[in-house]
Amino acid sequence: MKLSNNTVLITGGASGIGFALAKAFIESKNTVIICGRDRDKLHAAKEQLPQLTTFYCDITKTQDLSELQAQLSTRFPKLNMLINNAGMQQSIDFTGTGVDETRIDREIDTNLTAHIKLTNRLLPLLSSQDTSRIVFIGSALGRVTKHSTPIYSATKAAVHSFAESLRHQLANTSTKVTEVIPDLVATSMTQDRQNTKKMHPATLAKSVLRGIRKNNSKILVGRTRLLFGLHRLTPKVAERIINKPQRC
Ligand SMILES: NC(=O)c1ccc[n+]([C@@H]2O[C@H](COP(=O)([O-])OP(=O)(O)OC[C@H]3O[C@@H](n4cnc5c(N)ncnc54)[C@H](OP(=O)(O)O)[C@@H]3O)[C@@H](O)[C@H]2O)c1
């Protein structure tokens, strides 16, 4: 896929991996739209990258999704890439006195349901273009479970499954599906993980753009290829690696 002159929506694009992707796509001469829930962060992102279009949108809210969809259809009819990036990760312990269900709902809504809904809403616009792509930012923890973040791992496993089904359903269309499996990346999500090697978000973004240029349906970045190989051979060793030092 060509890497310039695309119109790209990145959810959660005001910080972390999303912002690094926004910067990389702008540098490659694309039109980039980001959305997020934090107006200050959106404002700061726009100050750093004035070419950005920013939308306030909590992707878990139906009303916000409807407004985003309407704005995109009228202002960005050439939208041809959706990057489902927004996400959250919580440590949740089911051995205690019971987990607050709002925490469970919030994580599933943010990491899974919202991506499926937004994809569903934007597919007609995306598939009306000559070429288009839907990118999911997955996680190695969807394959090799991290025990302290059970909902996160479950949602990322489900994102992988959804991306696979969607890729097959869209196989004979102009819309392609890519799943990205990042290495551990230095963002606010991983700030509490000490003594662990983390990748710079810009390095990840470079790998993602390279993979998209090559039309890769899966982009495994950094050590994740090795981890998946190990998991195929000796799943217990891979699980031990993930669950000893803190990894994302
Ligand atoms: N960092 C890693 O090592 C790593 C590894 C594998 C996968 N990932 C995945 O990469 C993606 C980005 O994570 P990150 O590391 O960049 O984390 P991050 O810095 O915490 O960024 C997450 C972004 O998601 C946005 N967001 C969260 N809930 C949202 C909602 N309801 N509506 C709209 N935006 C929302 C946040 O924006 P607001 O706060 O403004 O809402 C924020 O910009 C996530 O899907 C994560 O699971 C990260």
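Q: Which space is the largest pocket here?
A: The ligand takes up the largest pocket. A pocket is an open set of points on a 1 Å grid over the protein atoms alone, where a 1.4 Å probe fits, with protein on both sides within 12 Å along at least five of seven lines; a molecule sits in it if more than half of its atoms lie within 2 Å of its grid points.

Q: And which elements give two or more residues to the shell around the ligand?
A: Helix 1 (16–27) and helix 5 (150–169) do. Helices (H or I, at least four residues) and strands (E, at least two) are DSSP runs, numbered from the N terminus.

Q: What kind of model is this?
A: This is a predicted model, where local features need pLDDT of at least 70, side-chain atom pairs count only at pLDDT 80 or more, and totals for chains, interfaces and linings use all residues. Residues are numbered from 1 along each chain as its sequence is written, and side-chain values use heavy atoms, with hydrogens and water left out.

Q: Back to the ligand. Which residues come nearest?
A: Arg37, Asn85, Tyr152, Val185 and Thr187, out of 30 residues around the ligand (one heavy atom within 4 Å).

Q: How many residues of each class are in that shell?
A: There are 11 nonpolar, 13 polar and six charged residues.

Q: Where does the side chain of arginine 37 come in?
A: An N or O atom of that side chain is 2.5 Å from a ligand oxygen. The side chain of aspartate 58 has an N or O atom 2.9 Å from a nitrogen of the ligand. For glycine 12, a polar backbone atom is 3.2 Å from a ligand oxygen.

Q: How much of the ligand does the protein cover?
A: The protein covers 95% of the 880 Å² of accessible area that the ligand has on its own.

Q: New topic. What is the phi of lysine 29?
A: Near 65°, which is positive in a residue other than glycine. Most residues other than glycine have a negative phi.

Q: Where is lysine 29, and is it buried or exposed?
A: Lysine 29 is in the loop between helix 1 and strand 2 (31–36). Lysine 29 counts as exposed because its relative accessible area is 63%. Buried means under 20%, exposed over 50%, partly exposed in between (1.4 Å probe, protein chains only).

Q: What about asparagine 215?
A: Its phi is near 60°, again positive in a residue other than glycine. Asparagine 215 lies in the loop between helix 6 (201–213) and strand 7 (218–220), and is partly exposed because its relative accessible area is 45%.

Q: Is asparagine 6 buried or exposed?
A: Buried, because its relative accessibility is 1%. Asparagine 6 is in the segment before strand 1 (7–11).

Q: What joins asparagine 6 and asparagine 80?
A: A polar contact of 2.9 Å between their side chains. That means a pair of N or O atoms within 3.5 Å; within protein, one must be able to donate a hydrogen and the other to accept it, and residues adjacent in sequence count only if both atoms are side-chain atoms.

Q: Where is glutamate 179?
A: In strand 6 (residues 175–181). Glutamate 179 is buried, at 2% relative accessibility. Its C-alpha atom is 7.2 Å from that of histidine 160, 19 residues apart along the chain.

Q: And how far is leucine 125 from glutamate 179?
A: They are 20 Å apart, C-alpha to C-alpha, and 54 residues apart in sequence. Leucine 125 is in helix 4 (residues 101–126) and is buried at 15%.

Notes
Accessible areas come from the Shrake-Rupley method with a 1.4 Å probe; for residues, only the protein chains shown count as cover. On a 1 Å grid over the protein atoms alone, a cavity is a set of points where a 1.4 Å probe fits but cannot get out, and a pocket is an open set with protein on both sides within 12 Å along at least five of seven lines; lining residues have an atom within 4 Å of a point. Ala, Val, Leu, Ile, Met, Phe, Trp, Tyr, Cys and Pro count as nonpolar, Asp, Glu, Lys and Arg as charged, and the others, Gly among them, as polar.
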